[in-house]
Amino acid sequence: MLNFTDVKEFILLGLTSHREWQVLFFIIFLVVYIITLVGNIGMIMLIKVSPQLNSPMYFFLSHLSFVDVWFSSNVTPKMLENLLSETKTISYTGCLVQCFFFIALVHVEIFILAVMAFDRYMAIGKPLLYGSRMSRVVCIRLISFPYIYGFLTSLAATLWTYGLYFCGKIEINHFYCADPPLIKMACAGTFVKEYTMIILIMPNFTDVTEFILLGLTSHQDLQVLFFGVFLVVYIITLLGNIGMIILISVTPQLQSPMYFFLSHLSFVDVWFSSNVTPKMLENLLSETKTISYVGCLVQCYFFIALVHVEVYILAVMAFDRYMAICNPLLYGSKMSRTVCVRLISVPYVYGFSVSLICTLWTYGLYFCGNFKINHFYCADPPLIKIACGGVYIKEYTMIVIAGINFTYSLSVVLISYTLIVVAVLRMRSADGRKKAFSTCGSHLTAVTMFYGTLIFMYLRRPTEESVEQGKMVAVFYTTVIPMLNPMIYSLRNKDVKEAVNKAIIKANLGQ
């Protein structure tokens with residue numbers, strides 16, 4: 001295979017172009033690299049000199065550490081050099097060598113991990129035969145396969161990389177020579193290379209480094225007005241929710257499951273609003289109105305995570321009201337502190353896990369020169385609208401995941417309140433019915449507002465009209481609802497109002 005490219009070296013664009021970040025990243029990755037070397041070389045030496053570690057499991061572990069040393073050393077030193085260098089170049093030959101060892105060591109490591117899994121199976125599944133079946137000779141043969149297969153596979157893959165032709169393009173949008181960005185910048189020879197490459201994770205080939213957030217309006221006078229309004233709303237949101245958290249934590253009569261869940265709802269509302277509002281306020285007074293590509297992904301990640309956390313906290317709160325009203329005698333034992341902690345853990349773990357998957361699909365979107373987001377924060381619908389590739393999977397998964405989670409969590413709420421209504425209607429005491437409905441009214445108001453706006457935003461296909469309408473609706477659930485929740489729960493809740501009054505009286509007496 002001949003290569004006719006006239007490229008002698010490439011420029012590695014690295015992680016960032018900001019000088020202060022480069023210095024910070026240099027220090028961080030230097031420390032990480034040193035720890036990697038010391039840890040893995042120490043592990044190899046420890047296994048070598050310790051008689052009690054002379055078993056197949058530790059033999060394979062020593063090879064895993066050996067591969068990790070070279071895997072890190074193939075990339076990190078050049079990355080560290082370029083972080084402090086002005087040129088940030090790598091020779092064409094050096095690039096191919098880096099590609100070769102990267103692909104080889106990836107294959108070696110995944111097969112070593114497979115061999116280690118087989119070793120554990122033999123040790124646990126067939127302990128009597130383990131000593132004879134996993135002899136030294138067998139172990140050497142097993143560990144030889146990953147090295148031979150990995151380096152032969154890498155040789156073939158690197159030859160296809162060598163067959164790429166670069167028409168004057170020498171800037172690699174990465175911190176090392178990786179196949180995806182090389183394929184992206186090549187002008188010929190890409191078809192075979194792209195379809196013979198084993199894709200382990202969805203790559204992102206977009207050249208975008210930042211987006212422009214068009215915001216709510218382009219009129220300067222309205223921007224100043226909106227800045228004042230949303231600054232006040234954000235301050236009230238922080239004070240209201242943080243105040244609610246503190247009030248619940250210091251008030252003995254609010255130490256019940258309902259208020260425990262309410263404190264977490266306030267906690268999520270603080271972060272939910274803080275994920276969007278500060279950047280929106282900055283852009284309202286800024287000329288550039290930009291957000292970095294990484295910043296956009298981070299904002300997407302936390303937005304999706306916190307939405308899922310909040311909808312499931314609302315579902316948990318509905319279940320709590322069902323237990324309190326329909327099973328009052330068992331409420332204390334069934335809703336113990338341990339149970340409450342477990343119930344509140346599920347929304348956090350699930351929300352942040354689902355968000356990671358969704359954000360990876362967002363990372364898979366391609367942007368062909370259109371970097372203007374018709375929104376005031378990075379939301380999925382406007383990003384899908386401006387993307388030119390990877391749209392189908394992202395759009396489909398967004399609607400399906402949103403539909404499943406909203407339907408499931410809302411079903412818990414509706415079933416809980418249906419059972420609550422049935423139980424309340426059976427009550428003979430009018431005061432009892434009134435008290436039961438009063439404890440549920442605040443929660444139902446919060447559920448209606450939050451679910452209504454989110455369903456309007458995410459359970460339909462992104463179009464110019466839906467994105468524009470969604471922008472107006474988004475103002476409500478990102479800024480207004482987090483502000484209103486503490487008011488709803490305090491104004492409609494007798495216990496909270498009493499706790500607030502006592503706190504005010506105590507503060508006045510203290511003066």
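A residue counts as buried when its relative accessible area is under 20%. That cut-off is applied throughout the following legends, which describe a predicted model.

**Figure 1. Overview of the protein chain.** The secondary structure of the predicted chain comes to 18 helices and 6 strands. The chain has 511 residues, of which 46% count as buried. Among contacts between residues at least 6 apart in sequence, 79% join residues at least 24 apart.

**Figure 2. The disulfide of C95 and C177.** The structure holds 2 disulfides, and one of them is formed by C95 and C177, with sulfur atoms 2.0 Å apart. The angle about the S-S bond is -120 degrees, and the link of C95 and C177 is left-handed. This pair links distant parts of the chain: C95 belongs to helix α3 (residues 92-125), whereas C177 belongs to the loop between β3 (171-172) and α6 (179-185), 82 residues apart. Are the two cysteines buried or exposed? C95 has 3% relative accessibility and therefore counts as buried, since this value is under 20%. C177 likewise counts as buried, because its relative accessibility is 1%.

**Figure 3. The disulfide of C296 and C378.** Here a disulfide joins C296 to C378, and the distance from S to S is 2.0 Å. The torsion about the S-S bond is about -120 degrees, so this disulfide is left-handed. C296 is found in helix α11 (residues 293-326), and C378 in the loop between β6 (372-373) and α14 (380-386); the pair therefore ties together parts that are 82 residues apart in sequence. C296 is buried, with a relative accessible area of 2%. C378 is buried as well, at 1%.

Figure 4. C99 takes part in no disulfide; the nearest cysteine sulfur belongs to C95 and is 4.7 Å away. C99 is buried, with a relative accessible area of 1%. T158 is placed in helix α5 and is buried too, with a relative accessible area of 10%. How many residues apart in sequence are T158 and C99? They are 59 residues apart in sequence, and their C-alpha atoms are 6.6 Å apart in space. When its neighbours within four places in sequence are left aside, T158 is in contact with L96, C99, F100 and I103.

**Figure 5. The contact of helices α2 and α5.** The axes of α2 (residues 56-83) and α5 (residues 136-162) come within 10 Å and cross at roughly 25 degrees. Because angles under 35 degrees count as roughly parallel, α2 is roughly parallel to α5. The crossing of these two helices is right-handed. On the α2 side, the residues at the contact are P56, F59, F60, H63, F66 and V67; on the α5 side, they are R136, C139, I140, L142, I143 and Y147. The residues of this contact divide into 10 nonpolar, 1 polar and 1 charged.

**Figure 6. The contact of helices α9 and α13.** Helix α9 (residues 257-274) and helix α13 (residues 337-363) have axes that come within 10 Å and cross at roughly 25 degrees. The two helices are therefore roughly parallel to each other. Their crossing is right-handed. Which residues meet at this contact? P257, F260, F261, H264, F267 and V268 in α9 meet R337, C340, V341, L343, I344 and Y348 in α13. By residue type, the contact of α9 with α13 divides into 10 nonpolar, 1 polar and 1 charged.

**Figure 7. Helix α10 and the buried residue C358.** Helix α10 (residues 277-284) has 8 residues, 6 of which are buried, so this helix is largely enclosed by the rest of the structure. The buried residues of α10 are T277, K279, M280, L281, N283 and L284. C358 is also buried, with a relative accessible area of 7%.

Note on methods:
Residues numbered from 1 in each chain as written. Predicted model: local features only at pLDDT ≥ 70, side-chain atom pairs only at ≥ 80, totals over all residues. Heavy atoms only, no water. Axes fitted to C-alpha atoms, helices over the stretch in contact; angles between N-to-C directions. Helix = DSSP H or I, 4+ residues; strand = E, 2+ residues; numbered from the N terminus. Parallel < 35°, antiparallel > 145°, perpendicular 65-115°, else oblique. Left-handed = near helix turned anticlockwise from the far one by under 90°. Contact = heavy atoms within 4.5 Å. Nonpolar A, V, L, I, M, F, W, Y, C, P; charged D, E, K, R; others polar. Disulfide = S-S within 2.5 Å. Buried < 20%, exposed > 50% of the residue type's maximum accessible area, 1.4 Å probe, protein only.
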